[in-house]
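Hello,

Here is the structure I said I would pass on. My notes on it follow below.

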Amino acid sequence: MQRIFTLLIILSSFVCLNASAQVLTQEDSLAAGLIYKQQATVISGYGEARYSIDTKRKSAEANLKRVVLFLGHKFNNNISLFTELEVEDALTSSTGGDEGVTGRGSISMEQAFLKFNLNHSTYIVAGLFIPRIGYINENHLPTTFNGVDRPFLEDQIIPSTWREVGVGLYGQVRNIPGLNYSLALTNGLNSEGFSGSTGIRGGRQLGQAATGLNLGLSGSLLYYTGNFRLQASGYYGGSTAKEKRVADSLALNSGPFGSPVSLIEANAQYSNNGLTIKAIGTMVNIKDAQAINRAFANNTPEKMQGAYGEVGYDLFYRQHHGEKAFIIFGRYEYLDLGASIPPNGIENDANQKQYIIGGITYKPIRGIAIKADYVQRITGEFNQSLIVTPFPQQIPYYTNNGFINVGIAYNF
């Protein structure tokens with residue numbers, strides 16, 4: 001499997017990329033400078049709902065996964081505002097009309113930043129924004145990816161949607177057409193939220209009142225040429241989100257890059273005449289995992305890695321050229337959330353995962369997607385020493401399980 005990961009990294013490093021971004025929403029139009037009126041306010045949004053069947057447990061779940069409302073404003077040709085309010089899982093709490101119903105959802109700001117255009121090819125963002133890391137983090141409209149759920153790698157290893165408060169510089173290299181870059185400085189992660197089963201996902205601070213001096217530095221190169229798109233990005237940041245006296249008591253480094261987390265990823269995409277091929281590989285290193293485990297007993301791994309490849313073909317492309325689509329696709333993902341475990345960590349073979357996904361995406365018009373897929377999940381055995389709830393309350397774990405999913409998504 002290490003060979004597969006290496007192969008995908010090499011593939012991502014040598015394929016070159018396609019040249020123009022799609023304008024799918026009013027938010028895209030504002031970002032691309034296509035809103036010409038001064039003092040103009042635009043409304044946009046997206047959402048998705050899903051129904052999933054667990055074939056082994058003989059259970060099902062219906063869920064309004066998320067609804068997002070975008071509100072943007074163009075002050076003038078140089079300054080614009082971007083905000084997104086997201087509701088996940090429909091209900092956040094019980095209300096007067098819903099006695100006995102407890103919500104498990106959340107309301108959060110997905111972004112809230114100002115964009116300052118320095119010239120026609122360079123701009124700065126400041127506020128709560130989403131750095132350019134992987135495919136899905138920055139471009140996560142549910143109508144733009146195949147599968148009812150987002151790729152598992154870009155949920156469990158790259159913790160999309162990963163947004164933080166900071167400042168970022170974006171631009172194009174004038175002497176190399178199609179080459180774009182980004183560089184961002186944000187607040188860092190909180191290692192208290194790390195875990196062996198979810199990696200660094202629980203460590204995102206997401207614009208909340210982040211404490212500590214820790215910072216995160218991220219950057220990317222994105223290149224388009226012909227039918228190809230290539231991207232490489234990286235992140236390096238501290239994860240001790242505690243003031244110095246607390247960090248000292250936990251024997252953690254409280255500096256800006258104390259308890260560092262590094263992430264690298266590379267991806268490539270080829271699109272031509274209805275055929276799309278994607279590949280991505282990523283690796284996360286947590287240098288001080290042993291100290292983090294000693295402080296928080298959260299079984300943080302030292303290393304995580306993963307890769308996936310996807311092939312999709314639009315049967316309607318020759319007739320409708322993307323205005324209407326019927327895509328059949330297949331994707332294979334490999335994830336190892338415990339590629340390296342510190343001496344005080346606990347091995348769990350269930351964190352070695354393979355996903356085989358196949359399905360369809362039907363788009364009757366732009367902005368609407370009707371999806372169906374089948375997911376086969378294959379993992380190692382779950383470590384029984386990690387079970388907290390004893391039998392008979394213990395939920396059975398299946399190393400080989402299948403899921404049938406259907407969903408609908410929109411954007412405008």
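Cavities

Strand S13 (residues 325–340) contributes three residues to the lining of the largest cavity, the most of any element. Please keep in mind that this is a predicted model. The largest cavity has a volume of about 100 Å³. It is lined by 13 residues, and those closest to its centre are Gly338, Ile341, Glu347, Asn348 and Asn351. By class, the lining has four nonpolar, six polar and three charged residues. Across the whole structure, the search finds four cavities of 30 Å³ or more.

Salt bridges

The count comes to 14 salt bridges. One of them pairs glutamate 310 with arginine 331, at 2.8 Å from N to O. Glutamate 310 is in strand S12 (residues 303–314) and arginine 331 in strand S13, so the pair ties together parts 21 residues apart in sequence. Glutamate 310 is buried, at 6% relative accessibility, and arginine 331 is buried as well, at 4%.

Another salt bridge joins glutamate 88 to arginine 66, with the closest N and O atoms 3.5 Å apart. This pair ties together strand S3 (residues 79–88) and strand S2. Here glutamate 88 is partly exposed, at 23% relative accessibility, whereas arginine 66 is buried, at 8%.

Surface

Ile43, Leu64, Val67, Leu69, Leu71, Tyr410 and Phe412 make a nonpolar surface patch of about 600 Å². Strand S2 (residues 59–74) supplies the largest share of the patch, four residues. Tyrosine 410 lies in strand S16 (residues 400–411) and is partly exposed, with a relative accessible area of 31%.

Regards

How values were computed. Residues numbered from 1 in each chain as written. Predicted model: local features only at pLDDT ≥ 70, side-chain atom pairs only at ≥ 80, totals over all residues. Heavy atoms only, no water. Patch = residues over 30% accessible without salt bridge, like charges linked within 9 Å, V, L, I, M, F, W, Y side chains within 5 Å. Areas by Shrake-Rupley, 256 points an atom, 1.4 Å probe, with all protein chains shown as cover. Salt bridge = Lys/Arg side-chain N within 4 Å of Asp/Glu carboxyl O. Helix = DSSP H or I, 4+ residues; strand = E, 2+ residues; numbered from the N terminus. Buried < 20%, exposed > 50% of the residue type's maximum accessible area, 1.4 Å probe, protein only. 1 Å grid on protein atoms, 1.4 Å probe; cavity = no way out; pocket = protein on both sides within 12 Å on 5 of 7 lines; lining within 4 Å. Points joined across faces, edges and corners; volume = space filled by probe spheres on them. Nonpolar A, V, L, I, M, F, W, Y, C, P; charged D, E, K, R; others polar.
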